[in-house]
Amino acid sequence: EDALRESEARYRGAFENAGIGMLEMDSDWRIVGANAAYANIAGRSTEDLIGVDCLSFTHPDDLARSREAMRDIVNGEPGRASFENRYIRPDGRVVWVRSNLSRVSTGPTGDRFLKIVEDIDTRKATEEALREERNRLDTLNRTGAAVAAELDQETVVQMVTDAGVELTGAHFGAFFYNVLNEQGESYMLYTLSGADP
């Protein structure tokens with residue numbers, strides 16, 4: 001009994017003081033216990049989390065992934081799951097997390113699960129910024145190569161306008177420019193991208 005009490009005290013101390021988010025929950029996703037790190041990630045107090053279905057603040061697009069992970073664990077294959085999903089905090093901010101879910105006990109009152117949650121929001125933002133930068137460079141390289149190979153002024157202006165719309169994420173773009181006709185008279189032309197002339 002002393003050894004069991006000591007083991008439980010060690011577990012509880014590690015759980016409460018861990019620098020990574022941890023929560024205990026039942027098979028209905030109801031939170032039985034949560035540490036301060038998890039509460040911080042979820043944007044809620046530890047007291048407010050007890051008894052709450054943690055799927056209630058999971059992003060709707062990620063619910064199926066979370067449910068599938070639980071189903072796999074309950075069916076015993078493989079007994080643990082790791083997945084990425086998003087939480088919606090009370091202030092509306094969305095945060096990316098990596099969740100590691102495993103069953104820790106089975107008993108007459110039902111199964112208990114331990115979920116370890118890591119905030120990966122900064123990593124996801126960095127990945128998205130790199131993806132956007134790579135797309136911009138691809139657009140610039142593709143447009144530069146096409147412009148260098150093209151002699152028709154109207155075609156070049158259209159390609160540049162299309163690239164400008166793509167790079168800025170605008171819904172549409174217009175490019176106005178002046179040309180001289182054979183008599184030396186100036187007149188204005190334009191090209192549009194993403195809109196009906």
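Author: Two rings of Phe, Tyr or Trp, the last represented by its six-membered ring, count as a pair if their centres lie within 6.5 Å; planes over 60 degrees apart make the pair edge-to-face. The model examined here is predicted. Across the whole structure, a search finds four aromatic pairs.

One of them joins Tyr 38 and Tyr 87, with 6.0 Å from centre to centre and 80° between the planes, an edge-to-face arrangement. Tyr 38 belongs to helix H2 (residues 36-42) and Tyr 87 to strand S3 (residues 80-88), so this contact ties together parts that are 49 residues apart in sequence. Both Tyr 38 and Tyr 87 are buried.

Tyr 87 also pairs with Phe 57: the ring centres are 5.1 Å apart and the planes stand at 80°, which means that this pair, too, is edge-to-face. Here again distant parts of the chain are linked, since Phe 57 is found in the loop between helix H3 (46-49) and helix H4 (63-74), whereas Tyr 87 is in strand S3, 30 residues apart. Phe 57 is buried, as is Tyr 87. Taken together, Tyr 38, Phe 57 and Tyr 87 form one aromatic cluster.

Note on methods. Residues are numbered from 1 along each chain as its sequence is written. This is a predicted model: local features need pLDDT of at least 70, side-chain atom pairs count only at pLDDT 80 or more; totals for chains, interfaces and linings use all residues. Side-chain values use heavy atoms; hydrogens and water are left out. Rings of Phe, Tyr and Trp (its six-membered ring) pair if their centres lie within 6.5 Å; planes under 30 degrees apart count as stacked, over 60 as edge-to-face and the rest as tilted. Helices (H or I, at least four residues) and strands (E, at least two) are DSSP runs, numbered from the N terminus. Buried means under 20% relative accessible area, exposed over 50%, partly exposed in between (1.4 Å probe, protein chains only).
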